Amino acid sequence: LVAKKEGNKILSNALKLLEIRVRGKAGFDNSFYGRSLMESAFNPQNTPFAIEGSASDIQGWSEIFKGVIGAIKNPLSHHALDLEKAEAFQILCFVSYLLSFVDNLSIKAAKSEFSDEDIPF
């Protein structure tokens with residue numbers, strides 16, 4: 001039982017870190033959290049991230065990030081999950097992958113209000 005509690009705590013901390021990392025990388029304040037944070041950060045119409053692919057591809061990332069928060073982080077935050085060691089390890093590996101994905105994202109370049117054709121010289 002102690003090992004499961006410790007595993008839940010490690011997973012919970014890893015998922016909190018994922019939220020913190022996404023929020024910081026996106027430049028959002030602390031009013032963004034949970035599924036709404038992920039929805040805002042990976043919204044195909046206005047994501048701050050330069051993600052290659054179609055709007056559908058970006059929507060897929062939004063669903064992955066929202067899903068991991070809704071299906072794993074939220075239950076861990078409100079009650080202990082009865083995860084086996086191997087299952088907890090697999091989830092931790094997946095969260096590690098998502099952290100790496102976020103770390104490797106770049107921010108979209110700010111659009112100039114003028115195009116090259118607007119410059120008279």
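Predicted model: local features only at pLDDT ≥ 70, side-chain atom pairs only at ≥ 80, totals over all residues.
View 1. Helix α4 takes in residues 85–103 and reaches 27 Å from first C-alpha to last, close to the 27 Å expected at 1.5 Å a residue (that is, 1.5 Å times one less than the number of residues). Helices here are DSSP runs of H or I with at least four residues, numbered from the N terminus. Ala88, Ile91, Val95, Leu98, Leu99, Phe101 and Val102 are buried. Their arc around the axis is only 155°, which puts them on the same side of α4; the arc is taken from the directions from the helix axis to the C-beta atoms. Buried means under 20% relative accessible area, exposed over 50%, and partly exposed in between (1.4 Å probe, protein chains only).

**View 2. Phe42 on Phe65.** These two rings form a stacked aromatic pair, 4.4 Å centre to centre with 20° between the planes. Phe42 sits in the loop between α2 (34–41) and α3 (55–78) and Phe65 in helix α3, so the pair ties together parts 23 residues apart in sequence. Both Phe42 and Phe65 are buried. Rings of Phe, Tyr and Trp (its six-membered ring) pair if their centres lie within 6.5 Å; planes under 30 degrees apart count as stacked, over 60 as edge-to-face, the rest as tilted. Zoom out and Phe42, Phe49, Trp61, Phe65, Tyr97 and Phe101 make up one aromatic cluster.

**View 3. Glu19 and Lys73.** Here is a salt bridge with its closest N and O atoms 3.4 Å apart. Glu19 belongs to helix α1 (residues 2–26) and Lys73 to helix α3, so the pair ties together parts 54 residues apart in sequence. Both Glu19 and Lys73 are buried. A salt bridge means a side-chain nitrogen of Lys or Arg within 4 Å of a carboxyl oxygen of Asp or Glu.

**View 4. Arg21 and Asp103.** Their side chains meet in a salt bridge at 2.9 Å, N to O. Arg21 is in helix α1 and Asp103 in helix α4, so this pair ties together parts 82 residues apart in sequence. Arg21 is partly exposed at 29% relative accessible area, and Asp103 is partly exposed at 40%.

Notes
Residues numbered from 1 in each chain as written. Heavy atoms only, no water. Helix = DSSP H or I, 4+ residues; strand = E, 2+ residues; numbered from the N terminus.
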